[in-house]
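Subject: Structure handover and notes

Hi,

Here is the structure I promised to pass on. Please open it alongside this email; my notes follow directly below.

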Amino acid sequence: MSRILTNKWFKLGCVLFVYLLWTLWIGSWWLLLGVPVLFDIYITKRVHWAFWKKKGVEKQTKTVEWIDALIFAIIAATLIRMFFFEAYTIPTSSMEKSMLVGDYLFVSKVAYGPKLPNTPLSVPFTHHTLPFTQSTKAYSDLIQWPYKRIAGLGEIKREDIVVFNFPAGDTVVVGRENPDYYSQIRGQEAAIRYVAQEKGLSVTPEEAWSIARKQIWRENEIIARPVDKRENYIKRCVGIPGDVLEMKDAVLYVNGKKLEDKDKMQYNYDIIVNSPFNKVKLQEMGISMEDINGGYMGNNHYVLPLTVEMVEKIKKMPNVLSVNHQEDDGQIFPYSPNYPWTRDNFGPLPIPKKGETIDLTLENLPLYDRIIGAYEENKLEVKDSVIYINGAPADKYTFKMDYYWMMGDNRHNSADSRYWGFVPEDHIVGKAYFIWLSLDKDKSFLGKIRWNRMFRFIH
């Protein structure tokens, strides 16, 4: 048996079997060019592929052994991150209480099928920026591959918790990434229109947008990022291709049926008390110190994110006078007078499906202009009330990709699809799968570890 295991032809056969399966999975026959390389490594040995080793020396130096181990570890870890799973940290409260700030989890790439990188030339174990720098790219634009996703274990289902590349992260204001670039322009645009109105001047939305954009570009460093190098976001998928969504008074309906709220879903509540809360008791209920301190509005008024269970507990406290669901506010996607929607009231909204053809009008264009122009890379223009796509008049459009609608479980404290729209399929990274560690930033030493959340599968 030992003779067989050490035989060079047996080793080559095992490696070739795995390599050919991998080639078949990826579906790129260019990888067959690697077969002669493997044959040479195991059989002919004409080329010295491991150039960092001394050729013909059986016992290498400790330094060379370390280099050899490091190269193997980097290659293995890169392939695992690209094709199987990747570690991820929950940085914000947008998914509380389903996912908590400080949760460390594994994201399955094979759940929906790994997507091949758009920018394959990058520094290992980095995302978009080199460590200790603000804007130095950790990747090269020299090679850009088109979107391709290889076979996975299944498709995205409604209610899945999904990690994806931030759709509005294609353009970034360096040093001021939050809120996103487009939100900053909208804020600047609103300020310009307000000042113009105060001065009795007339400024159209298009003119205000143009002025705001020029100001942002003049005062900041602006960079662009390819799809796979945009920030990773995590939300719950509530709408899949072909669905119709509608939200009425903070209740979400999918295809006319109410989507049941998760037990841990949160909304903001206005709370009036006759004496300040005991912060320790609020913490024991699961409310973070950040929310407690930031939620005190003065004059015995709090605004806190609460689950249904928390609301009932708060109401029973002797110092509580009233608890009310916070009023709806602010306009959301698609930021058009044709759609005066808000975070708790919007729709009906159809989710685009690959191959579906829609009638395209000036009225519904705000819903789809970013899909047509940015995500599916067409030249979109409107001239004299006529829509042009790639230079030709268009009154219909056929979608090239599937799209999804993502929302956070912390409904009033989540920057999600309500603010930047649909998530294209080429932005999907993977499915949140397993929590391996959870740390509470409000605690210290061993008290930081949330033992009850460790080694738990995510549902």
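How many bridges pair S22 and strand S23 (residues 456–457), and in which sense? There are two, and the sense is antiparallel. In this pairing, Ile435 has Arg456 of S23 as its bridge partner. I come back to S22 below.

**Overall picture**

Keep in mind that this is a predicted model. The mean pLDDT of the protein is 90. A score of at least 70 is reached by 99% of the residues. Confidence is lowest in helix H1 (residues 2–6), with a mean of 72. It is highest in strand S21 (residues 423–424), at 98.

The secondary structure consists of 11 helices and 23 strands. Along the principal axes, the C-alpha atoms fill a box of roughly 80 × 65 × 45 Å. The protein has 459 residues, and 43% of them are buried. Take the contacts between residues at least 6 apart in sequence: 68% of these join residues at least 24 apart.

**Strand S22**

S22 spans residues 428–438 and is mostly covered. Eight of its 11 residues are buried.

- Strand S2 (residues 103–108) runs antiparallel to S22, and six bridges join them. Tyr104 has Leu437 in S22 as its bridge partner.
- Strand S3 (residues 161–165) also runs antiparallel to S22, through three bridges. Phe164 has Ile428 in S22 as its bridge partner.

**Helices H2 and H3**

Next, the helix pair. The axes of H2 and H3 come within 9 Å of each other. They cross at roughly 155°, which makes H2 roughly antiparallel to H3. The crossing is right-handed.

On the H2 side, the residues that meet H3 are Lys8, Trp9, Lys11, Leu12, Val15, Leu16, Tyr19 and Leu20. On the H3 side, they meet Gly34, Val35, Leu38, Phe39, Tyr42 and Ile43.

Which residues of helix H3 (residues 34–44) are buried? They are Gly34, Leu38, Asp40 and Ile43. Helix H2 (8–26) is included in what covers them. After H3 comes Lys45, which has a positive phi, near 55°.

Leu245 stands opposite Val254 in S8.

Phe346 belongs to strand S14 (residues 346–350). Is Phe346 buried or exposed? Phe346 counts as buried because its relative accessible area is 2%, and the cut-off is under 20%.

What does Phe346 contact beyond its neighbours within four places in sequence? The list is Leu245, Glu246, Met247, Leu252, Ile332, Trp341, Trp405, Met407 and Arg418. Glu246 is 100 residues away from Phe346 along the chain. Yet 5.7 Å separates their C-alpha atoms.

Another open sheet has three strands in the order S16-S17-S18. Its pairing is antiparallel. Why does one side of S16 and of S18 have no neighbour in the sheet? Strand S16 (380–383) and strand S18 (392–393) stand at the edges, so each has a single partner strand.

S16 pairs with strand S17 (residues 386–389) over four bridges, in the antiparallel sense. Val382 stands opposite Ile387 in S17. Helix H10 (residues 365–375) lies across S16 and S17. H10 runs at about 140° to S16.

**Where to look**

1. Phe346, for its contacts with residues including Trp341, Trp405 and Arg418.
2. The contact between H2 and H3, where the residues that meet include Trp9 in H2 and Phe39 in H3.
3. S22, with its antiparallel pairing to S2 over six bridges.

Best wishes

Technical notes:
Residues numbered from 1 in each chain as written. Predicted model: local features only at pLDDT ≥ 70, side-chain atom pairs only at ≥ 80, totals over all residues. Heavy atoms only, no water. Buried < 20%, exposed > 50% of the residue type's maximum accessible area, 1.4 Å probe, protein only. Contact = heavy atoms within 4.5 Å. Pairing = 2+ DSSP bridges. Axes fitted to C-alpha atoms, helices over the stretch in contact; angles between N-to-C directions. pLDDT = per-residue confidence, 0-100. Parallel < 35°, antiparallel > 145°, perpendicular 65-115°, else oblique. Left-handed = near helix turned anticlockwise from the far one by under 90°.
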